[in-house]
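Here's a quick tour for anyone meeting this structure for the first time. Take a look at it, then read on.

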Amino acid sequence: MNPVNGIVRPEEALMPQAEGLSRRGLKAEGIDLAGRLFGVSATLEAGRITAICGPNGAGKSSLLQCLAGLIVPDGGGVTLDGQPLPAFHPQQRARAIGYLPQAGEVAWDVAVRSLVALGRLPHRDARSEPVEAALAALDLLGLAGRPVSRLSGGERARALLARVMAGEPRWILADEPLAALDLAHQLALLGHLRRQAERGTGVVLVLHDLALAMNHADRVLVLEQGRLAADGAPDKALSAEVVGRIWGVPVRWLGEPGARALVV
Amino acid sequence: MTRPVPLLLLLLAPAFALSLLAGRVWIDPAATPNAALILAELRLPRSVLALVVGAGLGAAGAAMQGYLRNPLADPGLFGIAPMAALGAVASFWLGLEARPWALPVLALAGAGAGMALLALMAGRTASGTSGIALFTLAGLMLASLAGTLTSLAISMAPNAFAMSEIVTWLMGALTDRGWGEVGIAAPLTLAGLACLTAAARGLDALTLGEAVARSLGVEPQRLLAWLVLGVGLTVGSGVAVAGIVGFVGLIVPHLVRPLTDRRPSRLIVPSALAGALLVLVADSAVRAIPFVTELRLGIALSLVGAPFFLWLLLRMRKGLA
């Protein structure tokens, strides 16, 4: 079904409800990618935070870029609500999926508001309300006129996330959005992402910090040398046993659920 | 943010009027004999051509800097200007310089061949993750090859007269141009400006890098096509009527950028206006400076441009640019 514009396509109307539901979401089916990913399948659900973890070179960023439609896999494919990503018009795909890369490049020293407004490009409009809403949500209204070069690392990361949010995507795919941030800013940014998820946005994050994934994700995908090694709730997918096997480091988890610490 | 467009228009109006009067002989419309004829047939087309050539170079420079995300990029990087020059040189070499249509037509053919080669290379480079860097290197090779072939044509010129003609023409000038040249350059430059405007949104998206631009719905091949067409038409027609006029495409966007909000799309029109102003003023200046022979426009702009470029590099090293 398509509740957004009320159009129900015939093949969907005829389909049993359960099957119709199973088509929703961002779905990777047997993705193969030139020596980097091998047969990775996963159905990601909207309204949740999914973390992608794994050692260096496991293929996390490649998987994220496949999910964002930026890389077309050699084998398998990605579907969004049942439709293959390459079948979307690029603008249409861009309105549905927001992508935040690891290196937050900003080539020109634009003001924060101009930067955030770039998120509206897929909509081909100049609506200011989503831009202002994103600025407000990330506490950037006071910095809106400041050039990007004069932002701190945390402010810059917030501005780049606000750019994604200004596009009002149904999916936010972010590669290591927390890597350059101190603890307080990490938690603040995770709070913003959680609020987006609560509004029904699908949030997919590549995370290096296993404790952040354990405490803040609803689901964790663990990649090992391009293969999906574990998939499930954080305490299962990132259990001490799994971490020990895949990262090759004996570890223990301490503390309460939601506030666990990794001890090596 | 100041608004550069009204400011530049305000500067262009008196500069244009002055350019009509300036020259080896200053015209006093009331006193000079045949003033109307000189204005209509000599000064006016030359000034209009200066506007057209400058606007094309300025806008192409702004678009190239946006595309390469580099304030030191120049429209010459794609190799279109050297290819157009090569076409023009071929007309001397073939002994066709007596036919007024031959030079611009062959120069445009050279620019067109350059664009076609770039399109071929784009098909093989723009799809990868480092597409822009690869494509630019390919463009540089094209520029280098065209430059070498031009040198070859000069060294093998059929006679000394042809050689001196080629060398002089390559220096770039607007001397003795008429409405015919305006008729060639103006429509092509306007079409080129339209193509560059079509690329503007994609250039904005590129501010955040190639991957994000694609995630924002930009199609790299389509963006590149508009850009190659736009730069090809503006720079190609500029070279066809004026020879090589360097540094305008490099300096102008850099001077205009601080007056804008620094978004590449907002730089194209002001750069066109500022390029028009710079070439108009420079051409008026070379006409008015009393040398024995008129200082070539291309030489004058390079004399100003090269030190400026050097200063720019040093300033960037200090992290101020």
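Two residues count as being in contact when their C-beta atoms, placed from the backbone, lie within 7 Å. Keep in mind that this is a predicted model.

**A helix pair in chain B**

With that cut-off in hand, let's see who touches whom. On one side is α7(B), whose residues in the contact include B:E181, B:I184, B:L188, B:G192 and B:L196.

How are the two helices arranged? Helix α7 (residues 179-198) of chain B packs against helix α10 (residues 220-242) of chain B at an angle of about 160°, and their axes are 7 Å apart. Angles over 145 degrees count as roughly antiparallel, so that is how α7(B) and α10(B) run relative to each other. The crossing of α7(B) past α10(B) is left-handed.

**An enclosed helix**

Staying in chain B, what about helix α11 (residues 248-256)? Eight of its nine residues are buried, so the rest of the structure largely encloses α11(B). Among those buried residues are B:V248, B:L250, B:I251, B:P253 and B:H254.

**The sheet in chain A**

Over in chain A, six strands make an open sheet with mixed pairing, in the order β6-β7-β8-β3-β9-β10. The edges belong to β6 (97-100) and β10 (227-232) of chain A; each has a single partner strand, so one side of each lacks a neighbour in the sheet. From one strand to the next, the twist averages 15°.

Strands β3 (residues 49-53) and β9 (residues 219-224) of chain A pair in the parallel sense, over four bridges. A:I52 sits opposite A:L221 in β9(A).

**Where the chains meet**

Between the two chains, 18 residues of chain B are in contact with 19 residues of chain A. On the chain B side, α8 (200-206) and α9 (210-215) each supply at least two residues. The biggest giver there is α9(B), with four residues. By class, the chain B residues that touch chain A divide as follows.

| Class (chain B side touching chain A) | Residues |
|---|---|
| Nonpolar | six residues |
| Polar | four residues |

Key:
Residues are numbered from 1 along each chain as its sequence is written. Chains are lettered from A and ligands numbered from 1 in the order in which they are written. This is a predicted model: local features need pLDDT of at least 70, side-chain atom pairs count only at pLDDT 80 or more; totals for chains, interfaces and linings use all residues. Axes are lines fitted to C-alpha atoms, for helices over the stretch in contact, and angles run from 0 to 180 degrees between N-to-C directions. Angles under 35 degrees count as roughly parallel, over 145 as roughly antiparallel, 65 to 115 as roughly perpendicular and the rest as oblique. A crossing is left-handed if the near helix is turned anticlockwise from the far one by less than a right angle, and right-handed if clockwise. Two strands pair if DSSP finds at least two bridges between them. Ala, Val, Leu, Ile, Met, Phe, Trp, Tyr, Cys and Pro count as nonpolar, Asp, Glu, Lys and Arg as charged, and the others, Gly among them, as polar. A residue is buried if 20 or more other C-beta atoms lie within 10 Å of its own, exposed if 12 or fewer, and partly exposed in between; C-beta atoms are placed from the backbone.
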